Amino acid sequence: MMTLFLVLTSAALLLSNGALLVVLLLRLAEEHREIGDARRLAEMQQHHRGRGVIRPVR
């Protein structure tokens with residue numbers, strides 16, 4: 001009975017660690033995307049400076 005408890009506890013710990021890793025990877029991917037978006041927006045603003053209009057990128 002104790003062995004079953006240890007196996008189930010170990011499995012629960014592995015699953016929770018895996019879930020935390022997935023959440024961390026998703027947050028890092030979101031930050032990376034936001035940094036890229038900010039860089040592209042800055043490039044668009046620099047390119048269109050003086051025109052007064054920011055046109056969408058095609």
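The model is predicted: local features need pLDDT of at least 70, side-chain atom pairs count only at pLDDT 80 or more, and totals for chains, interfaces and linings use all residues. Residues are numbered from 1 along each chain as its sequence is written, and side-chain values use heavy atoms, with hydrogens and water left out.

The accessible surface comes to about 5600 Å², 67% of it belonging to carbon and sulfur atoms (Shrake-Rupley method, 1.4 Å probe; for residues, only the protein chains shown count as cover). Of the 58 residues, 5% are buried (buried is under 20% relative accessible area, exposed over 50%, partly exposed in between; 1.4 Å probe, protein chains only).

Next, select Arg33, Asp37 and Arg40, which are linked in a network of salt bridges (a side-chain nitrogen of Lys or Arg within 4 Å of a carboxyl oxygen of Asp or Glu). Asp37 meets Arg33 at 3.8 Å, N to O, and Arg40 at 2.6 Å, N to O. Arg33 lies 4 residues from Asp37 in helix α1; Arg40 lies 3 residues from Asp37 in helix α1.

Finally, select Leu21, Leu24, Leu25 and Leu28, a nonpolar surface patch with about 380 Å² of accessible area together. Patches are made of residues with over 30% relative accessible area and no salt bridge; like charges are joined within 9 Å, nonpolar side chains (Val, Leu, Ile, Met, Phe, Trp, Tyr) within 5 Å. Leu28 lies in helix α1, residues 2-47, and is partly exposed at 47%.

Technical notes: Helix = DSSP H or I, 4+ residues; strand = E, 2+ residues; numbered from the N terminus.
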